[in-house]
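Here is a friendly walk through this model, written for someone opening it for the first time. Please keep the viewer open as you read.

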Amino acid sequence: MTSPAHAGLFDDDEARKAISSLSAKLDALSSKVDDQLATKTDKTVVLDQLNQIEALRQEIAKLRGQVEVLSNDVSDNARRQKDFYVDLDNRLRKLEPQKVVVDGKEAQIDQNEQKSYDTALAVFQSGDYSGAANALNTFTQTYPRSVYVPNAQYSLGIAYYAQKDYKNAITTFQALIKASPDSPKAPDAMLNIATCYTEQKDKVQAKKVLLALRSQYPDSAAAKAAADRLSTLK
C-alpha cells in the first residue's frame, strides 16, 4: 500500500479526488479484512490491514478538513472581492461629475468643485465674513467657469459689505453683472452697489446706479426697491 498523501499538498479539486480514491481503497481493504476474518486468516496480517484502514480514515479526515477550509477561503475571497468592487464602484461614482441645476441652468459639477463651494458658503453663513471672503475668492479663482460663480460673487460682495469694505464690494458686484447679466442675482447686485455708494455718501453715483437698475431690470423686485430709494435721494 502506498503511504497516505499529505493534505497540505492538495488544492480543492485534488483533495476531493484524493478523498474519492482513498475511500475506494478503504472500502476494498475493509471488504478484504472481512473476508480474511471470515476465513480466519493470520491475525498479524489482519492487524496490519486494520492499521492501514485507520491510516486511510485519518487521511480522509484530513483531506475533508482541507476541503472545508478551502471552501471557506473561496467563499471569503468571493465576498471580499464583491465588497471590493462595490466599494470601488461607489468611489468612482463619487468622482464622476454630478448634474446640478442652479438658477435654472443645468451643469456638471465635480466632487471637489461642489465641496469647495459648499465649504465657502458654510463659512459665509456662519457669519465669518473675513474667512468667507477668502474662501469665496479661492473658489471663484479655482473654478472661474463654475455655474456657482454668480452666487459665489454675490455672497463675496455681501461679505465685503459686511466688513465695510465698500470698494471691493462694488468691484465684486460689478464683476458679477458684467460676467452674468442674466443671473437672477444681477438686479440685487446693482441695488447693493447703490447701497455701497450711499454708505460712502456718494448720492450721485447711487442715483445713477438706481436709474440704470430700473432701466435694465424693470420687472425685478430690485427695480421696485430702487424706485423707493430714488425718492429719498431727491
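1. First, a word on what you are looking at. This is a predicted model, in which local features need pLDDT of at least 70 and side-chain atom pairs count only at pLDDT 80 or more, while totals for chains, interfaces and linings use all residues. Residues are numbered from 1 along each chain as its sequence is written, and side-chain values use heavy atoms, with hydrogens and water left out.

2. The protein chain has nine helices and two strands. Helices (H or I, at least four residues) and strands (E, at least two) are DSSP runs, numbered from the N terminus. Read from that end, the order of elements is α-α-β-β-α-α-α-α-α-α-α.

3. Of the 234 residues in the protein chain, 35% are buried. Here buried means under 20% relative accessible area, exposed over 50%, and partly exposed in between (1.4 Å probe, protein chains only). The chain exposes about 15100 Å², with 51% of that supplied by carbon and sulfur atoms; accessible areas come from the Shrake-Rupley method with a 1.4 Å probe, and for residues only the protein chains shown count as cover.

4. Contacts (heavy atoms within 4.5 Å) also say something about the chain. Among those between residues at least 6 apart in sequence, 52% join residues at least 24 apart.

5. Now find helix H4, residues 129–142. Its 14 residues should span 20 Å at 1.5 Å a residue, and the end C-alpha atoms are 19 Å apart, which agrees. The expected span is 1.5 Å times one less than the number of residues. Gly-131, Ala-132, Ala-133, Leu-136, Phe-139 and Thr-140 are the buried residues of H4, and their cover includes helix H3 (111–125) and helix H5 (149–162).

6. Phe-139, in H4, deserves a look of its own. Its relative accessible area is 0%, so Phe-139 is buried. Leaving aside residues up to four places away in sequence, Phe-139 touches Glu-113, Ser-116, Tyr-117, Ser-146, Tyr-148, Val-149 and Ala-152. Gln-114 is 25 residues from Phe-139 along the chain, and their C-alpha atoms are separated by 9.9 Å.

7. How do H3 and H5 cross? Their axes come within 11 Å and cross at roughly 25°, so the two helices are roughly parallel to each other. Tyr-117, Leu-121 and Phe-124 of H3 meet Asn-151, Ala-152, Ser-155, Ile-158 and Ala-159 of H5. For reference, axes are lines fitted to C-alpha atoms, for helices over the stretch in contact, with angles from 0 to 180 degrees between N-to-C directions; under 35 degrees counts as roughly parallel, over 145 as roughly antiparallel, 65 to 115 as roughly perpendicular and the rest as oblique.

8. Is Ser-183 buried or exposed? With a relative accessible area of 9%, Ser-183 is buried. Look for Ser-183 in the loop between helix H6 (166–179) and helix H7 (185–199). Not counting residues up to four places away in sequence, Ser-183 touches Asp-103 and Pro-150.

9. Lys-185 is in helix H7 and, at 27% relative accessibility, counts as partly exposed. Lys-185 touches Asn-151, Tyr-154 and Leu-176, again not counting residues up to four places away in sequence. Ala-222 is 37 residues from Lys-185 in sequence, and 9.8 Å away in space, C-alpha to C-alpha.
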